[in-house]
Amino acid sequence: MQIEQMTLDIPNMYSDQQAALEYFIAHACAFTGHRPQKLPWGWDEIDPGCAALKEALVGKGYTHFLSGMAPGVDTWGTQTVLKLRAANPALKLHCILPCASQSAKWTEETQALYRAVLEQADSVVYVSRTWTKNCALERDRFLVSYASQVLAVYNGEKRGGTAATVRYARKFGRNIIIIDPATLAITHDNAAELT
């Protein structure tokens with residue numbers, strides 16, 4: 001995995017880097033989830049289901065939040081963290097991007113939100129400066145590697161980026177909270193393999 005810019009705000013209270021990294025991971029939660037077209041409310045953020053989902057996106061006890069910054073769940077998670085950070089400056093938002101051109105083909109409105117979130121992030125990490133066929137997958141693996149918990153808005157599909165991230169988190173033994181986008185039911189999953 002190629003990391004072009006690595007500025008994660010890892011606490012400096014430990015003399016040894018490994019202990020600092022372990023502390024960071026223990027207090028980090030990553031977001032993953034479907035794009036708006038796979039969600040019951042689509043792009044309608046005013047929909048009650050979307051509003052309820054945003055409120056469910058922040059886990060207790062975590063101070064570092066990692067987002068892959070894709071439209072939909074990733075971005076909604078960042079908006080929730082930024083709102084909560086206004087009242088609790090200890091919360092940190094880390095944007096993990098697959099490449100610098102991630103938003104190039106998005107609508108202007110989606111790009112504007114993306115830029116606004118990046119400007120408020122505590123750190124930005126580029127897995128690659130340029131697009132490669134695996135950069136999104138590498139971004140998802142980075143999210144799982146640096147978070148002890150993964151919060152997934154996941155409909156159970158076997159294929160796609162969210163499914164791959166959930167499988168990787170299970171393989172890696174991460175705590176996973178799965179929110180069903182249709183019912184908003186929340187389940188806890190600890191390393192059970194997808195079949």
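Trainee: In which kind of crossing does α3 pass α4, left-handed or right-handed?

Mentor: First, the ground rules. This is a predicted model, where local features need pLDDT of at least 70, side-chain atom pairs count only at pLDDT 80 or more, and totals for chains, interfaces and linings use all residues. Residues are numbered from 1 along each chain as its sequence is written, and side-chain values use heavy atoms, with hydrogens and water left out. A crossing is left-handed if the near helix is turned anticlockwise from the far one by less than a right angle, and right-handed if clockwise. Here α3 passes α4 in a left-handed crossing.

Trainee: At what angle do the axes of α3 and α4 cross?

Mentor: Two packed helices are described by the angle between their axes and the distance between the axes. Axes are lines fitted to C-alpha atoms, for helices over the stretch in contact, and angles run from 0 to 180 degrees between N-to-C directions. The axes of α3 and α4 cross at roughly 40° and come within 11 Å. That makes α3 oblique to α4. Angles under 35 degrees count as roughly parallel, over 145 as roughly antiparallel, 65 to 115 as roughly perpendicular, and the rest as oblique.

Trainee: Which residues of α3 and α4 meet?

Mentor: Contact means heavy atoms within 4.5 Å. From α3 come Thr75, Thr78, Gln79, Leu82 and Arg85; from α4 come Leu113, Val117 and Gln120.

Trainee: How many helices and strands does the protein have?

Mentor: Helices (H or I, at least four residues) and strands (E, at least two) are DSSP runs, numbered from the N terminus. The protein has 6 helices and 7 strands. From the N terminus on, the order is α-β-α-β-α-β-α-β-α-β-α-β-β.

Trainee: Which residues have the most contacts inside the largest nonpolar core?

Mentor: In soluble globular proteins, nonpolar side chains tend to be buried together. A nonpolar core is a set of buried Ala, Val, Leu, Ile, Met, Phe, Trp, Tyr and Cys residues joined through side-chain atoms within 4.5 Å. Buried means under 20% relative accessible area, exposed over 50%, partly exposed in between (1.4 Å probe, protein chains only). The largest core has 22 residues, and those with the most contacts inside it are Phe65, Met69, Leu93, Cys95, Leu97, Leu118 and Val124. Elements supplying at least two residues each include α3 (73-87) and α4 (108-120).

Trainee: Where is Met69 found?

Mentor: Met69 sits in the loop between β2 (64-67) and α3. Met69 is buried, with a relative accessible area of 0%. Met69 also has a positive phi of about 65°, although it is not a glycine.
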